Amino acid sequence: SPKTYIVMGAPGSGTSFISKLLEGAGVEMGNVKGNNKERFYENTEFVDLNTAILKAAGGDNTYPPSEEEIMKTDFNKEIKALIKKYKSKFWGWKDPKTSLTIKKYLPYLEDDVYFICMFRKPKHILSKYRWYRRNKSDQHTRKFVSTFNRALLSAIKEFCEL
């Protein structure tokens with residue numbers, strides 16, 4: 001039966017590694033190309049859509065908006081069209097921002113859906129993002145990571161109750 005794999009987690013939590021493994025195992029991960037394929041293994045169309053959703057909700061991936069604001073946005077047609085475009089027997093996508101927006105996608109996910117969720121201690125993500133730490137405090141970065149983790153846990157709970 002068709003299977004959908006959605007790789008989620010805060011940036012720096014290991015999502016690219018898992019996405020690369022899935023692609024190597026024959027899962028169609030979308031239009032992963034160029035430098036993106038070498039480093040992140042992200043479907044750029046899902047990345048762009050998630051960026052637009054966060055922007056419309058009044059934030060971005062550095063300063064994530066609230067779940068309430070994300071859910072108020074109207075991207076249903078775009079989500080449905082993008083899923084239809086890439087859906088195949090074994091397919092999926094990876095974008096850390098999906099951890100924040102996944103509840104927008106839930107009504108459109110059919111078949112057998114797998115959430116592959118990466119959690120990593122914030123202190124390890126802090127050390128990885130030295131460029132980020134130059135501009136933000138450790139406290140902000142910990143809050144940033146915990147926002148992704150809380151959103152993901154909330155989505156898992158909702159997904160399990162469907």
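A disulfide is a pair of cysteine sulfur atoms within 2.5 Å. By that criterion, the structure holds zero disulfides. The model under discussion is a predicted one.

Two cysteines illustrate the point. The sulfur of cysteine 117 has its closest cysteine sulfur in cysteine 160, at 9.1 Å, which is too far for a bond. Cysteine 160 is likewise in no disulfide, the sulfur of cysteine 117 being the nearest cysteine sulfur to its own. The surroundings of these residues can also be described. Cysteine 117 is partly exposed, with a relative accessible area of 24%, while cysteine 160 counts as exposed at 60% relative accessibility.

## Overall architecture

The protein chain contains nine helices and three strands. Along the sequence, these elements follow the pattern β-α-α-α-α-α-β-α-β-α-α-α. Of the 162 residues in the protein chain, 46% are buried.

## Aromatic pairs

A pair of aromatic rings is described by the distance of the centres and the angle of the planes. Nine aromatic pairs are found in a search of the whole structure. One of them is formed by phenylalanine 46 and tryptophan 91, with 6.4 Å from centre to centre and 35° between the planes, and it is tilted. This pair links distant parts of the chain: phenylalanine 46 belongs to helix α3 (residues 44-56) and tryptophan 91 to strand β2 (residues 90-94), 45 residues apart. Phenylalanine 46 is buried, with a relative accessible area of 0%. Tryptophan 91 is buried as well, with a relative accessible area of 1%.

Another pair consists of phenylalanine 144 and phenylalanine 148, which are arranged edge-to-face, with 5.0 Å centre to centre and 70° between the planes. These two phenylalanines are separated by about one helical turn, because they stand four residues apart in helix α9 (residues 138-161). Both phenylalanine 144 and phenylalanine 148 are buried. Ring pairs also join Phe46, Tyr86, Trp91, Trp93 and Tyr105 into a cluster.

Helix α9 has 24 residues. From its first C-alpha to its last, α9 reaches 35 Å, close to the 34 Å expected at 1.5 Å a residue. Its buried residues are His140, Thr141, Phe144, Val145, Thr147, Phe148, Asn149, Ala151, Leu152 and Ala155. The edge-to-face partners Phe144 and Phe148 are thus among the buried residues of α9.

Two packed helices are described by the angle between their axes and the distance between the axes. The axes of helix α6 (residues 98-105) and α9 come within 8 Å and cross at roughly 25°. Angles under 35 degrees count as roughly parallel, and α6 and α9 are therefore roughly parallel to each other. The crossing in which α6 passes α9 is left-handed.

The buried residues in question are Thr98, Ser99, Leu100, Thr101, Ile102, Lys103, Lys104 and Tyr105. Of these, Tyr105 also takes part in the aromatic cluster.

Aspartate 111 lies in the loop between α6 and β3 (112-118). The phi angle of aspartate 111 is near 60°, a positive value in a residue other than glycine. With a relative accessible area of 41%, aspartate 111 is partly exposed.

Threonine 44 counts as partly exposed at 22% relative accessibility, whereas leucine 54 counts as buried at 0%.

Each of these residues can be related to another point of the chain through C-alpha distances. Threonine 44 and lysine 94 are 50 residues apart in sequence, and their C-alpha atoms are 9.3 Å apart in space. Leucine 54 and glutamate 67 are 13 residues apart along the chain, with 9.8 Å between their C-alpha atoms.

Terms used: Residues numbered from 1 in each chain as written. Predicted model: local features only at pLDDT ≥ 70, side-chain atom pairs only at ≥ 80, totals over all residues. Heavy atoms only, no water. Phe/Tyr/Trp six-rings, centres within 6.5 Å; stacked < 30°, edge-to-face > 60°. Buried < 20%, exposed > 50% of the residue type's maximum accessible area, 1.4 Å probe, protein only. Expected span 1.5 Å × (residues − 1). Axes fitted to C-alpha atoms, helices over the stretch in contact; angles between N-to-C directions. Parallel < 35°, antiparallel > 145°, perpendicular 65-115°, else oblique. Left-handed = near helix turned anticlockwise from the far one by under 90°.
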